[in-house]
Amino acid sequence: MTTPRNPTPPHDPQRLRELLADQATNPLSAADRAEIASASQAETESMELAAAGAHLALVQNNDPLPDALLVKLQKRADEFAAAPAAPTVLRSPARRPNLAAMTGWLAAAAAIALAVYAWSPKLGRVSTPEEQRQALIDRATDVSVIPWSAWGDAPAVTGVLGDVAWSPSRGEGYLRFRNLSPNDPAKQQYQLWIVDSTRGEPLKVPPVDGGVFNIAASGVVTVPISAKLPVGKAVAFAVTVEPPGGVVVSDQSRKVVVAMVPN
Amino acid sequence: MRACIDQYGALVWSLARRFLRSGADAEDAVQEIFIDLWRSAGRFDPAVSSEVTFVAMIARRRLIDRVRAGANRAGDLDPSVLESNTPAAPTADRLDLGDEASVAAAALERLDPQQQRTMRLAIVHGLSHEQVAKVTGLPLGTVKTNIRRGLIRIREMLSARTQAGVSP
């Protein structure tokens, strides 16, 4: 298990803002990245949006895509859209994006279940969730890998092993399971919950829905996390069993495993 | 998906070419960025930003990651080349630029010419802070201060708009 980093956050809010501004235009040093690792995703993104807005304001014209690159992208788009639902697919159950409020392609993309495969320029082929997980661990400096534990006083789900790899700065993570029983999606599905301490006291505020997923076969399975709401500070990840499609609020009658993020 | 490419391909490609020295790197980056966009689509919140600004944010983030991972940064340090095709003043007259651009333009217009130039070199041309210092002849600390103040100001103005209930 990777030891989580415990950087000392900047005590001066101004220092935090300055570092976030630096990050939005320039790669930070490892020391600076460690200083802002505790910044929330919302804080980080607000500065990135400011930089993006400045770019759009400053640039008059964009160069057209080269024809060869356009063809490559169209092929990737077709592959992405046509990718079959993999054995494990995360989809937010009852909460649907407000498609009426979106425009253009994002409405279509948000309505399509996210495929677990991605294109990798280096590998020249479709990369697996396990490869994506490893890439995150290799590239992000604030990844915590937390093993699953039995949940409260519920009987332990026999023999389930694995962990959660989570990067707060990227809002990206992966679940990994060994020996989690396959489910019949027509009868029940697994659902991920992310406890976010920035939303209030964990026991009083509903956790963030991390989506439903299926396990098609025993053995080691890796599942990408796709939280549908920004996660400010994840303090725990939990898995329950729910009806097909999942639920908005779990009654926690069928707990599976939990992973508590170390302080 | 194809509509996404049609709508934002030029924007993403131009960003990549400005950040990365190698055309091959830029092509790889563009493809990575679109994959990232399609995977991130569910995270887009129209209450937080406009679609075009969200796209630009994802693209810039991926490009800065690539530079940090060792990709050669573009950076023709000839000021006449760098600044020959950028406007003298920020503008947000086009309706397709999103509200963030208009807010940013308003903030940028209040900067002095030196500060505007610093912002343009770092944000549009993707120069590192050290490269900006070299091009402008300004101390590195001044460059950092100019960029920080400009972005923090833009963020404050965007935040004020959100709190006032003005959606992107």
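**Exercise 1.** State how many residue pairs are in polar contact between chain B and chain A, and which element of chain B gives the most to that side.

*Solution.* Between chain B and chain A the count is 12 residue pairs in polar contact, both residues being at pLDDT 80 or more, where a polar contact is a pair of N or O atoms within 3.5 Å, one able to donate a hydrogen and the other to accept it, and residues adjacent in sequence count only if both atoms are side-chain atoms. The side of chain B that touches chain A draws most on α3(B), which gives 15 residues; helices are DSSP runs (H or I) of at least four residues and strands (E) of at least two. This is a predicted model, in which local features need pLDDT of at least 70 and side-chain atom pairs pLDDT 80 or more, while totals for chains, interfaces and linings use all residues. Residues are numbered from 1 along each chain, and side-chain values use heavy atoms without hydrogens and water.

**Exercise 2.** Find how many salt bridges cross the interface of chain B and chain A.

*Solution.* The rule (a side-chain nitrogen of Lys or Arg within 4 Å of a carboxyl oxygen of Asp or Glu) finds six across this interface; one of the salt bridges joins A:D22 and B:R148 at 2.7 Å, N to O.

**Exercise 3.** Describe how the rings of A:W148 and A:F177 are arranged.

*Solution.* Rings of Phe, Tyr and Trp (its six-membered ring) pair if their centres lie within 6.5 Å, and planes under 30 degrees apart count as stacked. A:W148 and A:F177 are stacked, 5.3 Å centre to centre with 5 degrees between the planes. Ring pairs also link both residues with A:Y190 and A:F213 into a cluster.

How values were computed
Chains lettered and ligands numbered in written order. Phe/Tyr/Trp six-rings, centres within 6.5 Å; stacked < 30°, edge-to-face > 60°.
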